[in-house]
Amino acid sequence: MSYRVVPLPLPKDLVCKASTEVLIEELNSRFNHSELSIVKSDDRYELHLREAVMSHVETVVEDLCRDSRYDATILCSFLSTIKEQSSYGLSGDKRVYVGYNAERKVEGRKEKETRRGRHFYTNGASFDELANLLPEPYINQIHCGDSEQVLGQLPANCVDLIFTSPPYNFGLGYDAQEDSDQWQNYFDKLFAILDECVRVLKYGGRLAINIQPLYSDYIPSHHMISKKLMDAKLIWKGEILWEKNNYNCKYTAWGSWKSPSNPYLKYTWEFIEVFCKGTLQNPVTASMQTSVRTISRNGSLGNGLSLPKRT
Ligand SMILES: C[S@@+](CC[C@H](N)C(=O)[O-])C[C@H]1O[C@@H](n2cnc3c(N)ncnc32)[C@H](O)[C@@H]1O
């Protein structure tokens with residue numbers, strides 16, 4: 001059993017004194033040893049702490065203070081040493097001193113990775129690693145149009161980052177577009193645009209897509225889009241929850257009121273799914289990292305130039 005071990009400071013003249021030993025024995029008898037105890041080590045005393053109910057500690061100290069056989073200095077030191085210890089408070093005044101921050105460790109991560117590979121769903125991907133230049137008319141320009149058509153005019157592998165928020169098909173009143181299409185039509189169109197996104201993205205490029213499912217229709221758009229992009233052999237890098245503290249979720253506590261047979265689940269956030277094409281390491285930033293390492297090792301910029309020497 002593990003404890004937090006802390007010295008119990010006592011004036012020198014009290015150490016090893018018969019009356020001190022009697023008091024310590026009495027204190028030890030008042031607590032469960034698996035929770036806390038005082039242990040003598042050479043010519044000093046240690047507190048072995050696992051957990052303590054503070055009200056009980058205080059009651060014991062008060063009780064023993066009333067008994068003239070016991071030295072109040074020792075009791076005060078006992079109480080204050082326990083109080084000084086940082087701890088994790090559990091319900092009421094129970095304090096826990098060890099084990100509260102223990103994490104279960106993942107075993108053999110490297111071995112598993114070698115045996116199973118990572119992102120198995122991208123096996124067989126054959127993306128061209130050669131990037132193309134973005135055509136001049138598209139540099140620093142905003143193009144208004146149907147994404148499928150605009151992207152269709154671009155060469156493959158010419159975009160570093162796509163950050164997009166497609167319509168959610170909630171029935172919002174956009175100027176130029178119907179936002180309450182049949183779901184199949186909606187996904188057909190969206191997936192055609194995503195195919196274009198995958199095509200124009202460079203090897204190592206990233207696609208971040210902000211989406212909100214329509215909960216009331218039970219359409220998990222974020223999962224369907226993720227499945228689509230994983231089928232296209234992009235690597236799912238992760239998911240960001242964009243906490244919006246949505247007003248309509250303020251009544252979460254009323255979730256099952258009037259609807260106990262089918263309670264509402266409420267979400268205050270939107271999703272941002274992030275994908276990588278071909279590799280998780282972006283080649284451009286990876287090469288910058290290498291140069292930074294080179295610089296930090298020998299002051300050389302790796303291209304025949306050197307950083308000026310510090311004076
Ligand atoms: C969820 S909103 C995102 C708005 C965006 N974040 C912004 O601030 O402009 C979806 C947008 O996609 C537009 N949209 C819908 N269909 C489109 C299409 N086929 N091509 C390009 N944009 C489209 C809608 O008009 C709407 O402005």
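**A friendly note on this predicted model**

1. Please keep in mind that the model is predicted.

2. Which residues of helix 6 are buried? They are Leu190, Leu194, Glu196, Cys197, Val198 and Val200. The helix itself covers residues 183–200, 18 residues in total. From first C-alpha to last, helix 6 reaches 26 Å, close to the 26 Å expected at 1.5 Å a residue.

3. Next, the nonpolar cores. The largest one has 19 residues, and Cys197, Leu201, Leu207, Leu234 and Phe275 have the most contacts inside it. At least two residues of this core come from each of strand 7, helix 6, strand 8, helix 7, strand 9 and strand 10. Helix 6 gives the largest share, 5 residues.

4. Leu201 is worth a look on screen. Leaving aside residues up to four places away in sequence, Leu201 touches Val159, Ile162, Leu207 and Lys277. There is also a second, separate core of 12 residues, which includes Leu23, Leu36, Val61 and Tyr97.

5. How do the axes of helix 2 and helix 3 cross? Helix 2 spans residues 54–65 and helix 3 spans residues 72–84; their axes come within 10 Å and cross at roughly 170 degrees. Angles over 145 degrees count as roughly antiparallel, and helix 2 and helix 3 are therefore roughly antiparallel to each other.

6. Stepping back to the whole chain, you will find 8 helices and 10 strands. Of its 311 residues, 16% count as buried. Among contacts between residues at least 6 apart in sequence, 70% join residues at least 24 apart.

7. Finally, a word on confidence. The average pLDDT of the chain is 87, and 87% of the residues score at least 70. Where does the pLDDT fall below 50? That happens over residues 301–305, a stretch with 6 contacts in the model beyond near neighbours in sequence.

Notes. Residues numbered from 1 in each chain as written. Predicted model: local features only at pLDDT ≥ 70, side-chain atom pairs only at ≥ 80, totals over all residues. Helix = DSSP H or I, 4+ residues; strand = E, 2+ residues; numbered from the N terminus. Buried ≥ 20, exposed ≤ 12 C-beta atoms within 10 Å, placed from the backbone. Contact = placed C-beta atoms within 7 Å. Expected span 1.5 Å × (residues − 1). pLDDT = per-residue confidence, 0-100. Core = buried A, V, L, I, M, F, W, Y, C linked by C-beta atoms within 7 Å. Axes fitted to C-alpha atoms, helices over the stretch in contact; angles between N-to-C directions. Parallel < 35°, antiparallel > 145°, perpendicular 65-115°, else oblique.
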